[in-house]
Amino acid sequence: MQGITKFLERIGRGAGRVVGTLYQAGRESIDQVVKNILPFMAFIAFIIGIILATGVGDALARLLQPLASSPVGLIIMSLIIGLPVLSPLLGPGAVIAQIIGTLLGTQFASQALPAYIALPALFAINPQVGCDFIPVGLALGEAEPETVEVGVPAVLFSRLITGPIAVIIAWVFSVGL
Amino acid sequence: MDFLVQAAVWFIGLFQKGAEVFVGLVTGIIPLVIVLLTAFNALIALIGQERIDKIGEAAGKEGFRYMPLRYLILPVVAVFVLTNPMAYTMGRFLPEKYKPAFYDAAVSFVHPPLGIFPHVNPGELFVWAGIAQGVTTGYGAAETAALAVRYLIVGLIVIFIRGIVTERITAFLWARRAA
């Protein structure tokens, strides 16, 4: 009798732990949606709505179109966004990458840009990723102040080289899309 | 009078377009993201931090053959389990000279998995979703799925290259500074 009670207790405990973990995971994901995703969607919807309704979007798209529609153009885009002076300014919250991405998205939606451009474009709009965050990111890794002094320019210069390389690799991998 | 009515219609039209976009985003993206986020949040809670720390300790070793561990496996696991921005804390296991390169590799991996694993960086989902939403509308969901997989694969190659290049540049700058 005691054996059975113990067995039941163990099952109950285990199930409780799993259900608790899953419930907590659900709570976290709803939190993330409400705190991070929905506000950004509201912001994007407002900006994109205005841009589409006023026709500014067409003008901007026409500006980006020549850059976005050829490999050389995308490499130039990645070089501009990855410039060591610009990249830390364009980084915060990935806002610029998200807006350019959404603008280009409207061009894919209307088939003005072919689908195989999407992969290199994803890398061309993003060579600045994390460039605004280098000192904080290094501090999170418990880096010495000297490492931060060397590390900030090292990462910024590296992006000038690896940004265009990323676009080229993405271009190769976009075959067949 | 007619002019006023037209102006009002135009004005509200600006926001109606935005509302259309918003509904598309909410119904198209959020339900899937919620379910995925829940699954991965639970998985991460069950794996636990201690197991990840062990990889970090191994990745700090000297030598060429530890590069894939340092700039591929460690950043991928860190971003996947700890997500942005806590992933960068894994740099604490590495010698100072490797920290900038590790940060570069890790931070470059917070977007490429978004098409399949949105939990790594839900706050910056639109780096991926902006283009993906357009591709889905223009070319269909299958095309977007293929794009998501390739984004992840190319991301892996790019962070590895970035780790190596940044490690070299760091060494160069460090040597010049000492001289």
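Predicted model: local features only at pLDDT ≥ 70, side-chain atom pairs only at ≥ 80, totals over all residues.
**Entry 1: the annotated stretch of chain A**

I began with the record. An unreviewed UniProt entry carries the annotation "domain: PTS EIIB type-5", and this covers residues 1-38 of chain A. I then looked at how that span is built in the model. Residues 1-38 of chain A are 97% helix and 0% strand. I also checked the ends of the span, and their C-alpha atoms lie 54 Å apart.

**Entry 2: chain B as a whole**

Next I turned to chain B and listed its elements. Is chain B a compact globule or more spread out? Its radius of gyration is 22 Å, while the globule rule gives 16 Å for 179 residues, so chain B is more spread out than a compact globule. I also took the box along the principal axes: the C-alpha atoms of chain B fill roughly 75 × 45 × 25 Å.

**Entry 3: α3 against α6 in chain B**

I then picked out helix α3 (residues 67-82) and helix α6 (residues 141-178) of chain B, whose axes come within 9 Å and cross at roughly 130 degrees. Because of that angle, α3(B) counts as oblique to α6(B). I noted the crossing of these two helices as right-handed.

For anyone following along in the viewer, here are the residues that meet. From α3(B) come B:M67, B:P68, B:R70, B:Y71, B:L72, B:P75 and B:V76. On the α6(B) side I listed B:L156, B:I159, B:F160, B:G163, B:I164, B:E167 and B:R168. Sorted by class, this contact of α3(B) with α6(B) has 10 nonpolar, 1 polar and 3 charged residues.

**Entry 4: α4 against α6 in chain B**

My last stop was helix α4 (residues 99-107) of chain B, which packs with α6(B) at an angle of about 155 degrees, the axes being 8 Å apart. How does α4(B) run relative to α6(B), roughly parallel or roughly antiparallel? The angle makes α4(B) roughly antiparallel to α6(B), since angles over 145 degrees count that way. This crossing, too, I have down as right-handed.

In α4(B) the residues in contact are B:P100, B:A101, B:D104 and B:A105. They meet B:I159, B:R162, B:G163, B:T166, B:E167 and B:T170 in α6(B). By class I count 4 nonpolar, 3 polar and 3 charged residues in the contact of α4(B) with α6(B).

Conventions
Residues numbered from 1 in each chain as written. Chains lettered and ligands numbered in written order. Heavy atoms only, no water. Axes fitted to C-alpha atoms, helices over the stretch in contact; angles between N-to-C directions. Helix = DSSP H or I, 4+ residues; strand = E, 2+ residues; numbered from the N terminus. Parallel < 35°, antiparallel > 145°, perpendicular 65-115°, else oblique. Left-handed = near helix turned anticlockwise from the far one by under 90°. Contact = heavy atoms within 4.5 Å. Nonpolar A, V, L, I, M, F, W, Y, C, P; charged D, E, K, R; others polar. UniProt positions renumbered as here; feature names shortened; annotations may be inferred. Rg over C-alpha atoms; globule rule 2.2 N^0.38 Å.
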